[in-house]
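Dear colleague,

Please find below the structure for your review. My notes on its content follow directly after it.

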Amino acid sequence: MSAFQDTHEMREASTGSLVAVVAIMITSALAFTLMTAPFEKLLGPGGGALPAALHGLTAFLYLFVGTIGLYLGWRLLTGHIRAFADLQLLGVVCATFSFLTVIFGNWLYIFYRAPVADSPRSYFVKNLPEVHKIFFEFKEFAALFTLPLAVCAAFILWRYGLQVLERRWLRYSVAVMFGLAFFYLVVAFGLGAAVTKLRPA
């Protein structure tokens, strides 16, 4: 008997549960930000504070679920995954947070690249060009890799369902995608945090 046939938990997630998870995630993230944000700063002269808050929040949440995804990806790779429905839902959660983080990051990028003398980009290009080239430009493109990786992993999990467990190349592909997405996430998260400390938007 294989490792995949010894548990009653081996089932696929329902579409209803998928929709509910995504809706709850997005609503919770926005509600938390709106309840705790200093509105006079978010909507005042420092307009970059709102996208920065949303970008930071979704990136942190993505880091949290991405860590769980990395673990479940390893379990899938080694053939010891038990709750396949949880893995399917987590794949969609990771893809959703990747999407939201990229969207809010691009919104924040408008303020970073603002054509004014005191914008973060102007400051770094003038005083610390290496920070702009490595910390931000590299981080920006590295972060974008998380989206197609997370979306592809979620697509395979939902398109093929339990067949993923039976086909080794599908198992390995999904596990590698989870691993690479986590790697790019951590790189982007670390460099983004460093840029924020040096010069917030």
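In what follows, a residue is called buried when its relative accessible area is under 20%. By that criterion, 42% of the 201 residues of the protein are buried. Please note that this is a predicted model.

The secondary structure consists of nine helices and zero strands, and the pattern along the sequence is accordingly written α-α-α-α-α-α-α-α-α. Among contacts in the protein with a separation of 6 or more, 79% are made by residues 24 or more positions apart. The accessible surface amounts to about 11,000 Å², and carbon and sulfur atoms account for 70% of that area.

In soluble globular proteins, nonpolar side chains tend to be buried together. Here, the largest nonpolar core holds 31 residues, and those touching the most other members are Tyr 62, Leu 87, Val 164 and Val 174. Two or more residues of this core come from each of α3 (49-78), α4 (84-112), α7 (146-160), α8 (163-166) and α9 (168-198). The greatest contribution is that of α4, with 10 residues.

Beyond its neighbours within four places in sequence, Val 164 is in contact with Leu 76, Phe 84, Ile 156, Leu 157, Leu 170, Arg 171 and Val 174.

Yours sincerely

Key:
Residues are numbered from 1 along each chain as its sequence is written. This is a predicted model: local features need pLDDT of at least 70, side-chain atom pairs count only at pLDDT 80 or more; totals for chains, interfaces and linings use all residues. Side-chain values use heavy atoms; hydrogens and water are left out. Helices (H or I, at least four residues) and strands (E, at least two) are DSSP runs, numbered from the N terminus. Buried means under 20% relative accessible area, exposed over 50%, partly exposed in between (1.4 Å probe, protein chains only). Contact means heavy atoms within 4.5 Å. Accessible areas come from the Shrake-Rupley method with a 1.4 Å probe; for residues, only the protein chains shown count as cover. A nonpolar core is a set of buried Ala, Val, Leu, Ile, Met, Phe, Trp, Tyr and Cys residues joined through side-chain atoms within 4.5 Å.
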